[in-house]
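Hi,

Here is the structure I said I would pass on. Have a look at it first, and my notes follow below.

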Amino acid sequence: MTAILSDAGTAPHVGDLWKTRHDKTRFQWSSLALLTPAFGLLAVLFLIPMGYAVYLGLTNLTLVGPTAIKWGFTGTQNLVRMKSDTEFWTSLWTTGFFIAGSIVGVVVIGYGLASLLMRARPWMRIIVGGIVVIAWMMPAVTAGMTWYASTTGGGTFGTLTGLHNTNFLDNAPLLIVTLANIWSMTGFCMLVMGAALRNIPSEAIEAAVVENASPWQRFRLIVLPLMRPTIIAVVLLVALLSLANFSLIYIMTQGGPGTATNILPLYSYEQAFTFNNLAYGALIGNVMVIIASIFGVLYVRIAARS
Amino acid sequence: MTTHVDTTPGNPPELNAAADGAPVLPPENRPTQSTALRSLTTNTVLGGIGLLFIAPMLWLLLASIDSHASWGIEWPHFSLINFKHVLTGSLLHSLFNSVILAVISTAIASIAGVFAAYSFSRRKIPFKGPLLLFILFSSGVPLTIMVIPVYEIFARFGFLSLFPTAVFLSVTSLPFEVYLMKNFIDAVPIDFEEAARMEQASTLQILRRVIVPLAMPGIAAAAIFGFVNAWGSFIVPLILISSNTQQPAPIALYTFLTLPKVEFGNIAAYSLVFCIPVFVLYAASARLFREGFVLGGGVKG
């Protein structure tokens, strides 16, 4: 906490009177001018829309038709609708699976890669590390496009497994989009985990080796406790990024077939812009804001501590 | 790519030793044979994972240079005709729109960001702690989920076009940029600034002549983040840009799938062209981070 919150650079230097006096500045009005652009933008395009969405969710606003022009507050009507909307609850579960699957896949593969790469031959490190990082850098639309091509009938997956005309994407849509998401986030996890692993003092590992600790004991008793904050931060970031990963799934399946991959951002978009229920779409968006805020607050607690 | 180099420096020595097949201490516990076997296993497993990761990219690479491309992977009928096709007409125009969108968004976020980062780093401001926590919070939470209320606001003011969309995209990368730039500005020694202050330099002059040049790696990295963020954004332009002629490249890419005749080769070629700036910029920012700061000799004691 203190590392972030302390006034870095303005700490008075002992014995330097001029500096001490000058640095003990009172609040300067020009600071306000410096902060205004950033906080003005955040207020107008983040805080106000967030508050406005709370109100919109409780109205009967539509995209077209009479209630697009003349709309108003309808109280808890949308909430009642949401309570009995099975598609919403399905979407919530789908989102949960998508996020949980992505977290497990990204963290396990990302950590595994990071630790294997440390022991690998240099050329292996360059090639494999490079491929995984390229997959991470690829914009979500491109990743979605190439995964769609690879998993649809007659695509790469069919050719490589010998099941030529199997449409993997239609047969196991949620699994495939989750794999695509894991594929596109592992590189980030690998880099972060790799940096954290290199920060583990080698003396600790050496001491454990001398004490005849098994690899599993070394992992559980030394590596894991030291990696804990990093792992938690990665888990939360993957959760947040997956929650909002509209592009990847929209390109691959548009939420289908049926509602198989209809995670919350897609359902919100569908309600607002396909079925024209802007208000209901906004309400679903609010549910996402609540979920994201929970992850976000946990993330701040972890990030601010380190 | 250069990013992979991140995994190279600073390896603990005993792990490097294992990679070379040399025994790790204590030697009696680790016969060379088993180390060699382990090294073989490690490299085989890694190779397998590498193949799994490259498999989905194969189509992109092969179909882009194949004049008879399909969804399948096959030996290409080599030709660059796909690239020629996608770099003309409305597809090229969409790439141009993406450049405008990303440049405007990056400029706004970086300028607003550097002001805020500077005052967080150097000034005494009320509620600094809570404000910084708010910045950190919004750097983690994807602000694109605000797109429906923003749509309603923009629709009311007739803002459903390129420039306002760029402004909204700048807000989605702003918190992280502020956070990143603040950390870099924190590392700039205060002495430079005080020397400039003695010479009666104004705050704006100090920012422009002292802070920005010295914290350039951080500012550039933040700007690259903002650019890539706006460049790759799909849902925001999809909802917020109503005019067909203002659509950026991700929307054009999606439109390929809605056409009656699917142009496989063109999709692959356009996807690759769309990726290139991102790869180049990430590589550049990895280099920036590796170079770090060379400020040590700047202040005479």
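**Where H3(A) meets H4(B)**

From H3(A), the residues A:Ser31, A:Leu34, A:Leu35, A:Pro37, A:Ala38 and A:Leu41 touch B:Ala112, B:Gly113, B:Phe115, B:Ala116, B:Tyr118 and B:Ser119 of H4(B); two residues are in contact if their C-beta atoms, placed from the backbone, lie within 7 Å. That set splits into 9 nonpolar, 3 polar and no charged residues (Ala, Val, Leu, Ile, Met, Phe, Trp, Tyr, Cys and Pro count as nonpolar, Asp, Glu, Lys and Arg as charged, and the others, Gly among them, as polar).

This is a predicted model, in which local features need pLDDT of at least 70 and side-chain atom pairs count only at pLDDT 80 or more, while totals for chains, interfaces and linings use all residues. Residues are numbered from 1 along each chain as its sequence is written, and chains are lettered from A and ligands numbered from 1 in the order in which they are written.

Back to the helices: H3 (residues 29–56) of chain A packs on H4 (residues 89–122) of chain B with the axes 8 Å apart and an angle of about 130°. That makes H3(A) oblique to H4(B) (under 35 degrees is roughly parallel, over 145 roughly antiparallel, 65 to 115 roughly perpendicular, the rest oblique).

On confidence, the model scores ipTM 0.87 and pTM 0.86. Chain B averages a pLDDT of 85 (the predictor's confidence in each residue, from 0 to 100). However, pLDDT stays under 50 over residues 1–25 of chain B and over residues 292–301 of chain B.

Cheers

Methods: Axes fitted to C-alpha atoms, helices over the stretch in contact; angles between N-to-C directions. Helix = DSSP H or I, 4+ residues; strand = E, 2+ residues; numbered from the N terminus.
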